[in-house]
Amino acid sequence: MFVFGNLLSGIAYIVNLLFEIYLWMVIIRTILSWIRPNPYHPLVRIIYGAVDPVTYRISKLLPMRAGMFDMAPFVVILIIIFLQHFLVRSLYDLAARLG
């Protein structure tokens, strides 16, 4: 059973890494909205393509604005932090019990 525990530990590590990358993409997207970069730059297009669909759905579900600021990226960051603490820690704990 230790092999399955090690597999779950590896999966938990990769999931945590993906959440961390996406968290930074949301932060970068928020900063980019303040400075208006070249929208045709490939890196900017990747970040917009990855973050905008999620924040758009959050904005439609919870139309929250604080003045000119859209609160959807903040909600996405909170969801990512929750999933990191709940899902990833649960996977690590399950891996520790099996290993």
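This is a predicted model: local features need pLDDT of at least 70, side-chain atom pairs count only at pLDDT 80 or more; totals for chains, interfaces and linings use all residues.
Reader: What makes a stretch a helix here, and where is glutamine 84 found?
Author: A helix is a DSSP run of H or I with at least four residues, numbered from the N terminus. Glutamine 84 is found in helix H3, residues 72-98.

Reader: Why is glutamine 84 called buried?
Author: Buried means under 20% relative accessible area, exposed over 50%, and partly exposed in between (1.4 Å probe, protein chains only). Glutamine 84 has 12%, so it is buried.

Reader: What makes the link from glutamine 84 to asparagine 16 a polar contact?
Author: A polar contact is a pair of N or O atoms within 3.5 Å. Within protein, one must be able to donate a hydrogen and the other to accept it, and residues adjacent in sequence count only if both atoms are side-chain atoms. The side chains of glutamine 84 and asparagine 16 make such a contact at 3.0 Å. Glutamine 84 makes another with the side chain of glutamate 20, at 2.9 Å.

Reader: Which residues does glutamine 84 touch?
Author: Contact means heavy atoms within 4.5 Å. Leaving out residues up to four places away in sequence, glutamine 84 touches Asn16, Phe19, Glu20 and Arg89.

Reader: How do you know that the length of H1 agrees with its residue count?
Author: The expected span is 1.5 Å times one less than the number of residues. H1 (residues 2-35) has 34 residues, so it should span 50 Å. Its end C-alpha atoms are 50 Å apart, which agrees.

Reader: What covers the buried residues of H1?
Author: The cover includes H2 and H3. Among the buried residues of H1 are Leu8, Phe19 and Arg29.

Reader: Why is H1 called roughly antiparallel to H3?
Author: Axes are lines fitted to C-alpha atoms, for helices over the stretch in contact, and angles run from 0 to 180 degrees between N-to-C directions. Angles under 35 degrees count as roughly parallel, over 145 as roughly antiparallel, 65 to 115 as roughly perpendicular and the rest as oblique. H1 and H3 pack at about 170°, with axes 8 Å apart. That makes H1 roughly antiparallel to H3.

Reader: What makes H2 roughly perpendicular to H3?
Author: The axes of H2 (residues 42-61) and H3 come within 9 Å and cross at roughly 105°. That makes the pair roughly perpendicular. The contact is made by residues including Val54 and Thr55 of H2 and Ala72 and Pro73 of H3.

Reader: Why is leucine 98 called partly exposed?
Author: Leucine 98 has 23% relative accessibility, so it counts as partly exposed. Leucine 98 is found in H3. Leucine 98 and valine 3 are 95 residues apart in sequence and 8.4 Å apart in space, C-alpha to C-alpha.

Reader: What is the phi of arginine 36, and why is this residue called exposed?
Author: Most residues other than glycine have a negative phi. Arginine 36 has a positive phi of about 55° although it is not a glycine. Arginine 36 is found in the loop between H1 and H2. Its relative accessible area is 70%, so it is exposed.

Notes. Residues are numbered from 1 along each chain as its sequence is written. Side-chain values use heavy atoms; hydrogens and water are left out. Helices (H or I, at least four residues) and strands (E, at least two) are DSSP runs, numbered from the N terminus.
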